[in-house]
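Welcome! Please take a look at the sequence and the 3D view below, and then read on for a short tour.

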There are 2 protein chains.
Amino acid sequence: MSGRRSAFFVSDRTGITAEMLGHSLLIQFDAVAFRETTLPYVDTPEKAHAAVATINRAGQLDGVRPLVFATLMDAELNHIVSTADACHLDCLHHFLAPLEAELGTPATRAMGRSHSLHHMPDYHERIEAVNYALIHDDGASVRELAAADLILVGVSRCGKTPTCLYLALQYGIRAANYPLVEEDFKSAQLPEKLRPLKAKLFGLTIEATRLSHIRAARKPDSRYATLHHCRFEVHAAEALMRQHGIEYLDTSDKSVEEIATTVLHRTGLDRKIY
Amino acid sequence: MSGRRSAFFVSDRTGITAEMLGHSLLIQFDAVAFRETTLPYVDTPEKAHAAVATINRAGQLDGVRPLVFATLMDAELNHIVSTADACHLDCLHHFLAPLEAELGTPATRAMGRSHSLHHMPDYHERIEAVNYALIHDDGASVRELAAADLILVGVSRCGKTPTCLYLALQYGIRAANYPLVEEDFKSAQLPEKLRPLKAKLFGLTIEATRLSHIRAARKPDSRYATLHHCRFEVHAAEALMRQHGIEYLDTSDKSVEEIATTVLHRTGLDRKIY
C-alpha cells in the first residue's frame, strides 16, 4: 500500500476542465495525500478500456480504490470508464439532464467542443494578443501602445509580465506593460508616452519585503534588491498612482490567475475569447 | 425580451473553474444563444445578495430565467445565490458528499483554495518558467538551453511561442523554442546547439496553407508567406524531424491548450505546479 489515494482526471479532450474541477475538490481534503494523473484524449473505446486498466492498476497498488473525475461527453466512453473499480464522479452528465430540461432542447453531446479550434477568429485574436504582449513587454515598444486594451504599470518585478501573458493567452486581451522608474518618481509625472492613455492604465503593486525577495533571486546583492530601495520604489510608485488617479492592486499574496481575473473584474474589460 | 439566455458563473474566487465547466456544458446547446457573465470574488453575504440582484435583473430583461453555475464553497453564500430566480447548478457541493463518504473524512470547505498563493515555491516555479520561456523564445538565447524541460522546434509561426508560454504559465514547465530555418534544411542537420539536447526536442508542424495565411497576416506580400515557400519549409522541416527521430505534432486544427496538453501527454513530462 502506498498510503496515497490515486485521483484520475479522464477526458475525451485536454482534461483541463476535469483537472480544474477535480483539483478544486481535492484540496478540500487536507488529510489525504493524492496522486493526481490526467488521462487526456480518451476518445475511442480502446482508449477507454486502457484507461480502466490504468485506473485499476493504481487501485491495486494503493490498496484503495481511486477517484475518477470524468468529463467524457460520449455516453459509451463514459460507461466504459465507469466500470473501473473506482469512485466515478461524472462531471458533465450530471448537469446535462437539468440543463436539457431547463432549455427544452437536447444537448448535442459532441465530444471535445471546448478548447478546440472551431473559431479561427478566436485563434487569431489570441495569437495576436500574445504577440502584442511580447512586443509591448516592459515598455520595450511604444509603437501601437494606443492599440492596447489595457496597460499595466508598476515597479520592476511586481508581476506585470506574467499577468499580461495570462490575459493574452486566456482572454485574448492586448495588454501592454510599462515600468515605473526613478525618473518618474523624481518628476512625480507619469511616463510621457502614457499620459495620453491614462484611461487604459491599471497599476500593480507589491509588498516591499516580497519584492526584495523576488529581486534578490534574480540579482543578488544588488542595490535594486535591497529592502531599503524596494521600500522607496513601492512607496513612490503608489504615491504616483494615487496622485494620478490610477487604480492599483497589491499582487503580494495573489496567483497570476487571481491578479488577471481581478484586473478584468475591476476594469470591466470583456474577454475576447472563450 | 432579448432572445438570449443569460448564464452566470458565480464563484468565491476567480471563477475560472465555474467558467470552464459551465462553458463546456453550454457549448453542447447549439440552438441557444447565451450571454455569459462571470461574477468572481463573491466572498461575503453582501456580494452574494448583489449577485442575486444582478442575476434577477438579467432574467427580467431576458424574459427567461438565467442559468447559474456556482462554485461557492461556503454553504451560506451558496444558499444566498441559490435564492435567485434562476436554474442553479451547484458545481462543488454535489461532488463533496460522495467524496466525503469515499474518503471517510469531512471536507474543510474552505473558500478559494484553488488558484491562490498558498505555495510560494509554486509561484517561483511559474515565474521562473515564464522568464525562461521569454529568454529562450525563438532561439533568442542558447544560454541555459540545457536547463530546458523541453525544446520545441519547427518552422517560424507554427505555434511554438504561445505553446511555450502556456506550458510555463499553466504547468511551470521550462520550455524553450528554436526555429528550423533554411540553413538547417540545406545541411539536413539539426541546429548545432540542439544536437546534444536531442532527448528534449519535440517538433511542431502545420499545414502549408494555414501557415501561409498566418504569415501573410504578419508580412503580406513577402516570399516568406507564399504558399510555395511555406510548402517547401514545412516539407523540409518534417523530413528533417523524421530523419533525426524527433516526434512531431500537427498544430493546424488545434488550440494552444490542445497543443500543450498533447505535448505533455506524448513526452510524459510532469507538470510542476497545479
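In chain B, four strands make an open sheet in the order 6-5-7-8, and their pairing is parallel. Strand 6 (175-179) and strand 8 (248-250) of chain B are its edge strands, each pairing on one side only. Please keep in mind that this is a predicted model.

**The sheet of chain B**

- On average, and with direction ignored, neighbouring strands of this sheet are turned by 25° against each other.
- Five bridges join strand 5 (residues 150-154) and strand 6 of chain B in the parallel sense.
- B:Leu150 has B:Ala175, in strand 6 of chain B, as its bridge partner.
- Helix 6 (residues 160-171) of chain B lies across strand 5, strand 6 and strand 7 (201-205) of chain B, and runs at about 170° to strand 6 of chain B.
- Helix 9 (residues 227-243) of chain B also packs on the sheet, where it touches strand 5, strand 7 and strand 8 of chain B. The direction of helix 9 of chain B makes about 155° with that of strand 7 of chain B.

**The sheet of chain A**

- Chain A has an open sheet of four strands with parallel pairing, in the order 6-5-7-8.
- Strand 6 (175-179) and strand 8 (248-250) of chain A are at the edges with a single partner strand each, so one side of each has no neighbour in the sheet.
- Strand 5 (residues 150-154) and strand 6 of chain A pair in the parallel sense over five bridges, and A:Ile151 has A:Ala176 of strand 6 as its bridge partner.
- Helix 6 of chain A lies across strand 5, strand 6 and strand 7 (201-205) of chain A, while helix 9 (residues 227-243) of chain A lies across strand 5, strand 7 and strand 8 of that chain.

**How the two chains are related**

- Chain A is superposed on chain B by a rotation of 180° with 0.0 Å of shift along its axis, at an RMSD of 0.0 Å.
- This is the relation of a two-fold axis.
- Both copies use the same surface: 100% of the contact residues of chain A recur in chain B.

**The second largest pocket**

- The second largest pocket has a volume of about 390 Å³.
- It is lined by 21 residues, and the closest to its centre are A:Ser156, A:Arg157, A:Thr161, A:Pro162 and B:Asn131.
- Helix 6 (160-171) and helix 8 (208-218) of chain A, together with helix 5 (120-135) of chain B, are the elements that give two or more residues to this lining.
- Helix 5 of chain B gives the most, with seven residues.
- By type, the lining residues of this pocket are nine nonpolar, six polar and six charged.

Conventions:
Residues are numbered from 1 along each chain as its sequence is written. Chains are lettered from A and ligands numbered from 1 in the order in which they are written. This is a predicted model: local features need pLDDT of at least 70, side-chain atom pairs count only at pLDDT 80 or more; totals for chains, interfaces and linings use all residues. Side-chain values use heavy atoms; hydrogens and water are left out. Copies are superposed by least squares on the C-alpha atoms of residues with pLDDT of at least 70 in both. Contact means heavy atoms within 4.5 Å. On a 1 Å grid over the protein atoms alone, a cavity is a set of points where a 1.4 Å probe fits but cannot get out, and a pocket is an open set with protein on both sides within 12 Å along at least five of seven lines; lining residues have an atom within 4 Å of a point. Grid points are joined across faces, edges and corners, and a volume is the space filled by probe spheres set on the points. Ala, Val, Leu, Ile, Met, Phe, Trp, Tyr, Cys and Pro count as nonpolar, Asp, Glu, Lys and Arg as charged, and the others, Gly among them, as polar. Two strands pair if DSSP finds at least two bridges between them. Axes are lines fitted to C-alpha atoms, for helices over the stretch in contact, and angles run from 0 to 180 degrees between N-to-C directions.
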